[in-house]
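Let's take a walk through this structure together, one stop at a time. Keep the view open beside you as you read.

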Amino acid sequence: MTLIEPRVKHGDASDGTTPSGPLGREIVRTDGPLKVQGAATYALEHQLEGLLHCVIVQSTVGAGRIVAVDRSAAEASPGVRLVLDAGYSLMLRSQPDFFGNKPEGDDYTPFATDIHHNGEIVAAVVADTLEQAQAAAQRVRVEVEFGPVIATHDDPRAGHGNPVPLDKDWGDPDGALAEAPVVLKATYETPREYNVPIEPHGLIAHWEADDRLTIYEPSQWVDGMANHYATWFGLPFENVRVVSPFVGGGFGSKGQALPHSAVAAIAARMLRRPVKLAVSRPQTFTAYGGRPATRQRLKLGATEEGQLLAIDHDGSNETAANAAFIETLGIVTSMMYAVPNFRSRQRIVPVNTVTPGAFRAPGKNPSAFALECAMDELAVELGLDPVELRLRNEPDVDPETGKPWSSRRLREAYAAGADAFGWTQRNPVPRSMREGRQLIGWGMACGTHPVYSSPGEAMVRILADGSVEVLSSAIDMGTGTYTILAQTAADALGVPVEQVTTKLGDSRLPRAPVAGGSQLANLMTAAVHTTALAAREELIALGLTDPNSPLRDRANTLIIADGRIAPPSGEGISIAELMAAIGRDVLEVTRDTLPRKERSSAERLKFFTTLGGMERGTSIPKSRHSFCTHFVEVRVDEDFGTIRVSRVVSALDAGRLYNPKLADSQFKGGIVMGIGMALLEEGITDPRNGRILSANLADYRIPTNADIPHIETISVGIPDYDATLLGGKAVGELAIVGVAPAIANAVFHATGKRIRRLPITLESLM
Amino acid sequence: MMNFDYSRATSLEEAATLARHPGAMLLAGGTTLLDLAKCEVARPERVIDLTRLPGLNTITVGESGATIGALATMSRVADDHGIQRRYPAIAESLLLAASAQLRNMATIGGNLLQRTRCPYFRDPAGYPACNKRDPGTGCSAIGGITRDHAVLGTSDHCIAVYPGDLAVALSALGATIQTNLRAIEIEAFFLMPGATPERETVLERGEIITAIAVPATPLAANSTYLKVRDRQSYEFAAASAAVGLELDSDGVTIRDIRVALGGIATKPWRAIAVEDALRGRRLDEGTVREASRTAVDGAKSHGGNAYKIELAPCVVARAILKAGGIQ
Ligand SMILES: Cc1cc2nc3c(=O)[nH]c(=O)nc-3n(C[C@H](O)[C@H](O)[C@H](O)COP(=O)(O)OP(=O)(O)OC[C@H]3O[C@@H](n4cnc5c(N)ncnc54)[C@H](O)[C@@H]3O)c2cc1C
Ligand code: SF4
């Protein structure tokens with residue numbers, strides 16, 4: 001028997017069949033009861049003896065130089081233990097970037113001397129109580145020499161930006177566009193968007209010894225974060241422990257230790273007391289960056305029949321004045337449709353903003369917004385149904401790499417989605433459908449997300465009572481990791497899922513890479529599956545060979561099912577009985593899915609603490625992506641221009657679903673966020689000083705329940721074992737991609753107005 | 001947040017006496033006061049809690065009118081059957097305001113006195129200039145982002161919108177604000193910013209709202225509140241209108257009408273010109289739309305809020321048509 005059985009079908013809920021084992025079942029999330037009872041302990045709820053409170057002081061100007069910080073009034077404030085600024089703080093070593101590269105310069109301080117953006121940290125106060133720290137923070141006097149502020153890329157002084165090396169070229173796009181019978185040119189824009197997880201950022205930093213640091217901090221990547229702290233403080237990786245069993249959402253923003261994280265750790269070190277730092281909701285808008293504003297110019301050339309001849313894409317995104325962040329805007333453009341001539345260019349435009357960050361399908365989401373709106377415009381231009389136009393350009397192989405798809409079930413998605421939506425009833429003429437004073441629009445668009453894969457590691461422990469523990473440093477931010485890993489282990493071991501508990505979110509546990517890029521479910525089910533099979537092998541071997549095993553010599557093969565270990569025919573005994581007979585308290589197995597064995601421990605670590613292990617497809621023979629298509633109905637009030645999404649049907653190809661119920665929540669969550677992106681979310685910045693004016697959840701608008709209609713999701717995926725070990729593809733971020741263009745296209749159909757800048761608000765339709 | 005003293009008033013007289021101290025602020029549901037204290041706009045030295053005062057939360061709906069105690073919560077008033085039947089605009093304006101959680105906490109008295117959502121007003125650290133917050137410092141909004149600012153009733157000193165919904169309905173229905181000292185017509189209660197935007201109402205120091213009285217009229221019983229905004233819930237109005245409409249027995253002639261607007265002016269805005277243009281006229285869509293244009297007479301845009309001048313007449317027209325049963 002081999003350890004890995006990648007092509008064994010363990011059930012596939014996505015094609016409607018009942019799974020044979022626990023994997024693929026619609027099991028409710030195992031962490032749900034804890035959360036509703038308030039028994040799930042989040043980072044800032046950890047109780048520590050002697051805890052002090054830290055409050056950060058942020059700059060109130062967008063650019064300039066700090067002339068002086070007067071700490072004296074704050075230091076004299078009641079309860080104050082420490083006031084920190086650039087002139088009075090520990091110096092740290094520079095943090096490596098996501099790929100493990102060390103930046104230039106040896107030192108790092110989280111406190112600014114030159115101001116690059118409004119809301120940059122300039123000082124911090126530590127006091128006995130939160131209120132004392134807040135009051136003292138008010139008394140820190142900062143003297144600033146103002147500098148000129150370029151608030152957004154709309155400011156002409158921001159200029160054209162700097163090219164980044166993401167050029168993609170094939171064929172002769174200029175020649176093809178010059179000769180194309182139909183050419184469409186348009187520019188599309190998306191605003192700054194913020195992650196706004198319901199659990200704001202913050203941490204408790206606790207130095208258990210001079211060289212041992214424990215951090216309680218919500219994290220999408222405890223191993224990566226532990227590495228950040230270790231580097232900052234020059235500690236061995238093992239001496240830092242990051243604990244994050246529950247995360248109240250991250251949406252890309254909790255993958256790194258951030259400047260405020262360094263502040264708390266420094267304060268705790270200097271005071272030798274545990275320090276809690278809670279970033280307030282308004283502060284979260286500048287303590288880290290969300291999606292930068294983007295601008296994309298697209299030129300599409302096509303035949304009269306709708307065959308794409310060329311795509312010319314030019315994208316740019318805002319970045320910080322002092323750091324580069326690239327929102328990969330050409331990422332969907334280059335792989336969605338068969339096109340013989342292609343060019344994509346990208347620039348980044350420095351402005352006075354916090355460094356933008358990963359946010360809800362980075363790159364993919366705005367990329368699809370531009371491309372999918374442009375395809376709709378082209379369909380209108382050609383008088384073709386937008387689904388038909390897409391079908392005519394459906395590529396047989398990945399147009400960028402020439403590789404075959406591991407699976408691409410977009411045709412099935414179009415058919416299933418259109419059918420469930422009733423798309424054939426659509427009158428293509430804009431403003432032709434209405435109900436009373438509501439103009440009705442039907443629109444559609446596609447989305448896609450790459451399947452990334454990194455190695456993972458897991459431990460499986462079989463305990464004396466027959467119960468099973470799965471341990472990994474992977475995290476669950478509400479996505480369902482706890483549940484599907486228990487299902488995976490139960491499935492591979494042959495025990496009931498109720499018998500399995502999962503422990504996650506602690507860097508002392510076996511390693512896991514970042515929960516980002518929608519990769520975690522696939523890579524961790526693979527790691528747990530591999531480990532659980534090894535544990536099963538070991539248990540069976542013990543059953544066959546241990547001198548005290550009642551099954552010894554009774555059979556030359558054993559099966560484990562339903563928690564019992566038995567010969568192919570015959571009763572057998574429970575796992576607990578076997579464990580008792582052979583006198584074992586625990587059977588513990590750790591395995592990983594690193595590509596090659598025998599790597600040095602430094603190399604192993606790099607796989608889990610940098611993005612170095614994230615296979616981006618170059619050496620993989622197949623092109624691996626998830627796909628989806630969204631059909632939406634909007635109602636636009638003809639007087640007010642208010643837009644309500646009244647129906648959404650999405651058909652998604654995300655391969656095999658390990659738990660369709662949880663996958664469905666991920667899909668629906670993505671669609672909800674897509675509605676927010678299309679109609680509501682916008683970081684509004686004052687052009688005069690680069691200060692965000694909507695730094696709270698009343699003014700930074702995300703959808704409420706009332707904004708969300710019935711959403712129907714249809715899974716058209718089938719297990720894709722060329723994509724991942726257990727046949728799943730990317731789920732988490734897939735469904736948001738394509739929602740905003742589907743809505744924009746529906747708004748055009750309703751009103752005849754093409755809005756190319758998000759969000760589409762009522763005044764843009766008046 | 002700064003330290004402050006806290007006292008729980010046991011009688012109206014005691015509350016009034018305590019409230020006369022400079023630096024004292026009244027606390028009802030706290031949804032405005034605590035919010036503003038957190039953004040360092042409100043810096044009370046002493047907070048006087050009104051919530052235990054007896055007898056101030058009753059809702060009485062009678063033949064001649066309704067009296068709503070100042071401490072009645074928004075949700076209780078919105079759920080009151082008498083209010084729903086005889087003053088639908090009041091119930092609707094409350095249900096469309098804030099969120100369920102806020103409505104459960106917030107009181108009617110506090111609601112009238114909610115402060116503007118002008119982002120510059122709410123950010124003293126970033127914007128020291130705000131005449132409303134710190135008289136004489138200037139106005140940061142003028143020349144800034146003005147999407148949510150007023151187009152009516154503004155001055156060179158302040159262009160902040162009065163954000164509330166309830167007061168708009170009360171203006172249309174001719175309510176009276178009762179205090180421990182006097183009764184004030186709602187029209188006279190709110191002040192325009194002029195050169196003193198820090199003064200938003202005629203209330204004196206130590207004056208406490210005790211109740212709101214609304215006369216029972218046929219047009220109150222046939223009233224409605226229409227609120228337009230990008231988000232379907234939990235958002236202030238881009239523009240809103242409260243309309244009370246009474247038709248003649250012929251069912252088409254407008255006997256009486258009262259109209260007020262929200263979300264576009266520095267105070268709840270009576271649209272008397274619209275009322276005058278429609279009284280005695282036939283209720284039909286053309287007439288209503290024509291008359292509704294006068295709702296924004298004298299409006300002034302500051303750039304980002306220009307859309308409100310276009311939007312408001314549509315909202316007025318649709319509210320009137322809705323009250324007249326024309327959907
Ligand atoms: C996020 C958010 C969204 C909101 N959305 C809306 C909306 O869409 N529409 C809307 O209309 N409102 C909205 N509100 C405002 C909300 O309705 C008010 O905050 C609330 O009604 C205030 O009532 P309160 O009892 O909590 O007042 P408090 O905060 O207790 O008091 C407010 C002010 O009134 C004074 N005060 C209170 N009671 C009296 C009294 N009896 N006599 C004299 N002075 C008194 C206080 O001193 C204080 O200055 C929103 C608020 C928030 C925070
Ligand atoms: S509009 Fe009024 S509240 Fe806003 S900044 Fe100007 S003065 Fe202050």
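The model you see is predicted. Start in chain A with an open sheet of three strands, which lie in the order 24-25-26 and pair in the antiparallel sense. Strand 24 (559-561) and strand 26 (573-574) of chain A are the edge strands, as each of them pairs on one side only. Between strand 24 and strand 25 (residues 564-566) of chain A you can find three bridges, and these two strands run antiparallel. To see where they face each other, pick out A:Ile559, which stands opposite A:Ala566 in strand 25 of chain A.

You can find both kinds of pairing around strand 1 (residues 52-58) of chain A. With strand 15 (residues 275-278) of chain A, strand 1 pairs in the parallel sense over three bridges. One landmark is A:Leu52, whose bridge partner in strand 15 of chain A is A:Val275. With strand 7 (residues 121-127) of chain A, strand 1 pairs in the antiparallel sense, this time over six bridges. There, A:Cys54 has A:Val126 of strand 7 of chain A as its bridge partner.

Is strand 1 of chain A largely enclosed or open? Seven of its seven residues are buried, so the strand is largely enclosed by the rest of the structure. In a regular strand the side chains alternate between the two faces of the sheet. You can trace this in strand 1 of chain A: A:Leu52, A:Cys54, A:Ile56 and A:Gln58 point one way, while A:His53, A:Val55 and A:Val57 point the other way, and all are buried.

Now for some backbone details. Most residues other than glycine have a negative phi, and most peptide bonds are trans. A:Val196 has a positive phi, near 30°. This residue lies in the loop between strand 11 (182-190) and strand 12 (202-209) of chain A. Because its relative accessible area is 9%, below the 20% cut-off, A:Val196 counts as buried. A:Pro759 is in the segment after helix 16 (739-751) of chain A.

Helix 5 (residues 88-95) of chain B is mostly covered, with six of its eight residues buried. The buried ones are B:Pro88, B:Ala89, B:Ile90, B:Ala91, B:Ser93 and B:Leu94. B:Ala98 counts as partly exposed, because its relative accessibility is 25%.

How many cavities of 30 Å³ or more does a search of the whole structure find? The search finds eight. The largest cavity holds about 100 Å³ of space. Its lining has 17 residues, and those nearest its centre are B:Cys118, B:Cys130, B:Cys139, B:Cys158 and B:Ala160. By class, this lining has 10 nonpolar, six polar and one charged residues.

What takes up the space of the largest cavity? That space is taken by ligand 2. Around ligand 2 there are 13 residues, the closest being B:Cys118, B:Cys130, B:Cys139, B:Cys158 and B:Ile159. This shell divides into nine nonpolar, three polar and one charged residues.

Key. Residues are numbered from 1 along each chain as its sequence is written. Chains are lettered from A and ligands numbered from 1 in the order in which they are written. This is a predicted model: local features need pLDDT of at least 70, side-chain atom pairs count only at pLDDT 80 or more; totals for chains, interfaces and linings use all residues. Side-chain values use heavy atoms; hydrogens and water are left out. Buried means under 20% relative accessible area, exposed over 50%, partly exposed in between (1.4 Å probe, protein chains only). Helices (H or I, at least four residues) and strands (E, at least two) are DSSP runs, numbered from the N terminus. On a 1 Å grid over the protein atoms alone, a cavity is a set of points where a 1.4 Å probe fits but cannot get out, and a pocket is an open set with protein on both sides within 12 Å along at least five of seven lines; lining residues have an atom within 4 Å of a point. Grid points are joined across faces, edges and corners, and a volume is the space filled by probe spheres set on the points. Ala, Val, Leu, Ile, Met, Phe, Trp, Tyr, Cys and Pro count as nonpolar, Asp, Glu, Lys and Arg as charged, and the others, Gly among them, as polar. A residue is near a molecule or strand if one of its heavy atoms lies within 4 Å of it. A molecule sits in a cavity or pocket if more than half of its atoms lie within 2 Å of its grid points. Two strands pair if DSSP finds at least two bridges between them.
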